[in-house]
Amino acid sequence: MTAIRKAACIGGGVIGGAWAARLLLGGIDVSMYDPHPEAKRIVGEVLANAERAYAMLTMAPLLARGRLTFSESLKEAVAGADWIQESVPERLDLKRGVITEIDRYADPKALIGSSTSGIMPTELQRDMKHPERMFVAHPYNPVYLLPLAELVGGERTSPETLELAKAMLAPIGMKGVILKKEIEAFVGDRLLEAIWREGLWLIHDDICDTETLDDVIRYSFGMRWAQMGLFETYRIAGGEAGMRHFLAQFGPCLSWPWTKLTDVVDLNDALVDKIAAQSDAQSGSRGIRELERIRDENLVGIMQALKGGDGGKGWGSGKVLADFEKHLWAKGGGKREMPDFSQPLRLVDTKVSAAWVDYNGHMTEHRYLQIFGDTSDALLRLIGVDFAYVEKGHSYYTVETHIRHLGEAKLGQALYTVLQVLSFDEKRIRYFTTLHDAQTGDALATAEQLMLHVDSGAGKATAAPKDILARLRPIAEAHARLPVPDGAGRSVGQKT
Ligand SMILES: NC(=O)c1ccc[n+]([C@@H]2O[C@H](COP(=O)([O-])OP(=O)(O)OC[C@H]3O[C@@H](n4cnc5c(N)ncnc54)[C@H](O)[C@@H]3O)[C@@H](O)[C@H]2O)c1
């Protein structure tokens with residue numbers, strides 16, 4: 001896979017900071033240039049939010065975070081970078097000047113993306129010596145969670161650049177979509193502008209307040225949009241007769257007088273005051289950081305739900321997350337370093353994330369099973385049962401689990417698991433995992449489990465191949481010399 005090796009972010013505000021977070025959490029070193037005296041603090045805050053979100057987003061082992069350096073000059077920042085992302089304020093003269101300067105100092109092969117929300121790339125690349133590698137990479141806030149970047153070339157951008165940019169974004173969990181032609185505001189902001197204009201009219205005309213308008217979106221078509229967008233949703237609305245029927249039925253409505261989309265409301269002081277007051281009433285009891293955290297938790301939840309879409313293959317942004325996780329497992333989780341077998345194996349280190357706690361503030365029951373399941377997966381990777389193996393049609397399935405709850409895990413608590421193999425044969429592995437509080441070492445839960453090696457196509461248990469068993473045997477033999485863990489072999493409700 002084509003990957004970014006080193007990135008530079010020019011401009012580290014809301015968007016530049018979030019690009020930096022996306023890249024750093026994707027394991028890429030980033031040099032940042034932003035003359036703002038508080039740039040470090042601002043980027044640091046965005047990064048903290050992003051790390052919190054990633055801890056909830058995936059159980060796949062995150063890559064070691066890239067190194068973030070703040071440069072004294074643009075020239076210093078772009079040195080050695082193969083992806084440079086410009087995110088300075090939305091003014092043509094400023095952006096063109098910055099991009100021309102990046103062009104002067106960067107490696108001529110480095111890709112240069114602009115975060116502009118609407119300026120045509122042809123305008124931005126006008127004074128460049130190597131304009132063929134410059135394009136718009138328009139992201140959506142928060143860049144570290146929302147996968148999309150609209151990739152738009154100018155008159156002098158080469159088509160290969162856009163394809164390369166798309167490929168380079170994939171390993172950091174982003175979905176590049178290439179537009180066929182440049183147009184002001186691209187696709188996303190054109191759509192948003194239209195709905196924004198109409199929304200302003202509805203508030204202006206006192207049809208509803210800001211809260212009602214937001215409710216109309218989030219309890220209805222907003223949910224549809226997150227998973228199928230506009231046209232696929234309407235195709236379903238057409239019923240069995242499909243899209244043509246839908247267009248025939250609703251097309252004539254377009255001439256009805258229910259839209260003001262061509263008129264722009266006068267955003268005068270009175271309307272600004274009205275919107276600000278309604279928005280304060282709607283959301284003023286929560287601070288911006290709190291709203292950001294809620295937004296991030298919700299977005300994580302949506303992506304996780306969509307990861308299971310299409311029968312588990314992943315759908316929309318959930319498919320991008322599934323692919324990102326595959327990449328993470330292959331990079332980090334795929335490590336085959338053999339740990340010390342003479343002790344139970346420490347296989348998973350994790351933290352109780354916000355999405356894992358119940359109404360008591362404690363880790364909810366099924367998350368224990370999730371951690372034990374992740375521990376089983378880690379054991380399997382260690383003996384060679386990885387994605388490639390599973391794709392070839394064989395795997396181990398868990399057929400029995402007995403969990404004992406011994407203590408509570410709270411939000412933010414650091415945890416780890418250790419696993420002891422109890423016995424194995426050519427089809428089965430029986431093992432015992434203990435979940436510990438990382439700070440005190442106390443045992444919080446244990447699980448005794450049995451896995452069966454299966455031929456997934458035939459849906460039958462079958463003997464594991466020799467090479468897998470050869471990797472399992474030394475672990476099992478070493479663990480057989482350890483004392484049987486307290487609680488192994490217990491039945492449910494057994495006294496002492
Ligand atoms: N905010 C959004 O939701 C959003 C979404 C997509 C795209 N964008 C686009 O991203 C770009 C940045 O927007 P933002 O919201 O992050 O703005 P911002 O004001 O938060 O950040 C801009 C940053 O650029 C820095 N800067 C100014 N001149 C500079 C220079 N010469 N060199 C380096 N840094 C410089 C500023 O100090 C500031 O930190 C704009 O083009 C905007 O259209 C914004």
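**Figure 1. Arg133 and its partner Asp103 in the predicted model.** Arg133 is buried, with a relative accessible area of 2%, in a model that is predicted. The side chain of Arg133 forms a salt bridge with Asp103, and the closest N and O atoms of the two lie 3.0 Å apart. Because Asp103 belongs to helix α4 while Arg133 sits in the loop between α5 and β6, this pair ties together parts of the chain that are 30 residues apart in sequence. Asp103 is likewise buried, its relative accessible area being 5%, which falls below the 20% under which a residue counts as buried.

**Figure 2. The salt bridge between Glu123 and Arg96.** The side chains of Glu123 and Arg96 meet in a salt bridge with an N to O distance of 3.0 Å. Glu123 is placed in helix α5 and Arg96 in helix α4, so the contact ties together parts that are 27 residues apart in sequence. The two partners can be told apart by their accessibility: Glu123 is partly exposed, with a relative accessible area of 36%, whereas Arg96 is buried, with a relative accessible area of 12%.

**Figure 3. Pro121 in helix α5.** Pro121 lies in helix α5, which covers residues 121-124, and Pro121 is buried, with a relative accessible area of 0%. Pro131 is ten residues from Pro121 along the chain, and the C-alpha atoms of these two prolines are separated by 9.6 Å.

**Figure 4. Glu448 and Arg430 on two strands.** A salt bridge joins the side chains of Glu448 and Arg430, with 2.6 Å from N to O. The pair links distant parts of the chain, since Glu448 belongs to strand β13 (residues 443-455) and Arg430 to strand β12 (residues 428-437), 18 residues apart. Glu448 counts as buried at 14% relative accessibility, while Arg430, at 31%, counts as partly exposed.

**Figure 5. A salt-bridge network.** Glu38, Arg41, Glu45, Arg289 and Glu292 are linked with one another in a network of salt bridges. Side chains of opposite charge can pair when their charged atoms come close. For the model as a whole, the count comes to 24 salt bridges.

Figure 6. Of the 22 residues around the ligand, Ile15, Asp34, Glu90, Lys95 and Ser117 come nearest. By class, this shell consists of nine nonpolar, ten polar and three charged residues. From Asp34, an N or O atom of the side chain is 2.6 Å from an oxygen atom of the ligand. The ligand on its own has 830 Å² of accessible area, of which the protein covers 73%. Helices α1 (14-25) and α4 (92-105), together with strand β6 (134-139), are the elements that give two or more residues to the shell.

**Figure 7. Asp82 and the backbone of Arg5.** Asp82 is found in the loop between α3 (74-78) and β4 (83-86), and with a relative accessible area of 13% this residue is buried. A polar atom of the Asp82 side chain lies 3.0 Å from the backbone nitrogen of Arg5.

**Figure 8. A nonpolar patch on the surface.** Leu192, Ile195, Trp196, Trp225, Leu230, Phe231 and Tyr234 form a nonpolar surface patch, and together these residues have about 700 Å² of accessible area. Helices α7 (188-204) and α9 (231-237) each supply at least two residues of the patch, and the largest share, three residues, comes from α7. Trp196 is placed in helix α7 and counts as partly exposed at 49% relative accessibility, a value that lies under the limit of 50% above which a residue would be called exposed.

**Figure 9. Gly373 in helix α15, with the chain as context.** Gly373 is located in helix α15 (residues 365-382) and is partly exposed, with a relative accessible area of 25%. Gly373 and Thr398 are 25 residues apart in sequence, and their C-alpha atoms are 8.6 Å apart in space. The chain that holds these sites has 17 helices and 14 strands, and buried residues make up 44% of its 496 residues. Taken along the principal axes, the C-alpha atoms of the chain fill a box of roughly 75 × 55 × 45 Å.

Definitions and conventions:
Residues are numbered from 1 along each chain as its sequence is written. This is a predicted model: local features need pLDDT of at least 70, side-chain atom pairs count only at pLDDT 80 or more; totals for chains, interfaces and linings use all residues. Side-chain values use heavy atoms; hydrogens and water are left out. Patches are made of residues with over 30% relative accessible area and no salt bridge: like charges are joined within 9 Å, nonpolar side chains (Val, Leu, Ile, Met, Phe, Trp, Tyr) within 5 Å. Accessible areas come from the Shrake-Rupley method with a 1.4 Å probe; for residues, only the protein chains shown count as cover. A salt bridge is a side-chain nitrogen of Lys or Arg within 4 Å of a carboxyl oxygen of Asp or Glu. Helices (H or I, at least four residues) and strands (E, at least two) are DSSP runs, numbered from the N terminus. Buried means under 20% relative accessible area, exposed over 50%, partly exposed in between (1.4 Å probe, protein chains only). A residue is near a molecule or strand if one of its heavy atoms lies within 4 Å of it. A polar contact is a pair of N or O atoms within 3.5 Å; within protein, one must be able to donate a hydrogen and the other to accept it, and residues adjacent in sequence count only if both atoms are side-chain atoms. Ala, Val, Leu, Ile, Met, Phe, Trp, Tyr, Cys and Pro count as nonpolar, Asp, Glu, Lys and Arg as charged, and the others, Gly among them, as polar.
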